[in-house]
Amino acid sequence: MESSVQVRAGGVTLKLNSGVYLKKAVLLASEAFGESCWVNLDMSEGSYLVQLTPKEPGMELEPLGYEFFNYVLGIMQNV
């Protein structure tokens, strides 16, 4: 069950194991985060790859990534 947060120039890339995280939850979280970030969603080797790039400068990127993970988990509890 591999998941990761990787900070990169200007944004953060998340890798979520598709065997653990529900596609619907990842899509709903991506939509919600789309208000403050540009979101790029892809699938690779059994994982969802989510790239978040804040629309406004100054956001702390690593906490943003973990906030996305928590948001997805919160959705999964309510689905």
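**View 1. Ser30 in helix α1 of a predicted model.** With a relative accessibility of 10%, S30 counts as buried, a word that stands for under 20% relative accessible area, while exposed stands for over 50% and partly exposed for what lies in between (1.4 Å probe, protein chains only). S30 belongs to helix α1, where helices (H or I, at least four residues) and strands (E, at least two) are DSSP runs numbered from the N terminus. A polar atom of the S30 side chain lies 2.8 Å from the backbone oxygen of V26. When residues up to four places away in sequence are not counted, S30 touches V39, L41 and F68, contact being defined as heavy atoms within 4.5 Å.

The model is predicted, and local features need pLDDT of at least 70, side-chain atom pairs count only at pLDDT 80 or more, and totals for chains, interfaces and linings use all residues. Residues are numbered from 1 along each chain as its sequence is written, and side-chain values use heavy atoms, with hydrogens and water left out.

**View 2. The crossing of helices α1 and α2.** Two packed helices are described by the angle between their axes and the distance between the axes. Here the axes of helix α1 (residues 23-33) and helix α2 (residues 61-78) come within 9 Å and cross at roughly 130°; axes are lines fitted to C-alpha atoms, for helices over the stretch in contact, with angles running from 0 to 180 degrees between N-to-C directions. That angle makes α1 oblique to α2, given that angles under 35 degrees count as roughly parallel, over 145 as roughly antiparallel, 65 to 115 as roughly perpendicular and the rest as oblique. On the α1 side the contact is made by A25, V26, L28, A29, S30, A32 and F33, and on the α2 side by L64, E67, F68, Y71, V72, I75 and M76. The residues of this contact divide into 12 nonpolar, 1 polar and 1 charged, where Ala, Val, Leu, Ile, Met, Phe, Trp, Tyr, Cys and Pro count as nonpolar, Asp, Glu, Lys and Arg as charged, and the others, Gly among them, as polar.

**View 3. Phe33 in helix α1.** F33 is placed in helix α1 and is buried, with a relative accessible area of 6%. Leaving aside neighbours within four places in sequence, F33 is in contact with V39, L52, L64, E67, F68 and Y71. The C-alpha atoms of F33 and N78 are separated by 18 Å, the two residues being 45 residues apart along the chain.

**View 4. Val50 in strand β4.** V50 lies in strand β4 and, at 0% relative accessibility, counts as buried. Apart from neighbours within four places in sequence, V50 is in contact with V12, T13, L14, L16, V26, V39, N40, L41 and F68. From C-alpha to C-alpha, V50 and K23 are 12 Å apart in space, and they are 27 residues apart in sequence.

**View 5. Thr13 in strand β2.** T13 is found in strand β2 (residues 11-17) and is buried, its relative accessible area being 16%. The side chains of T13 and R8 are joined by a polar contact of 3.1 Å, that is, a pair of N or O atoms within 3.5 Å, of which, within protein, one must be able to donate a hydrogen and the other to accept it, and residues adjacent in sequence count only if both atoms are side-chain atoms.

**View 6. Glu45 in a loop.** E45 sits in the loop between β3 (37-44) and β4 (47-54) and is exposed, with a relative accessible area of 77%. Although E45 is not a glycine, its phi is positive, at about 50°.
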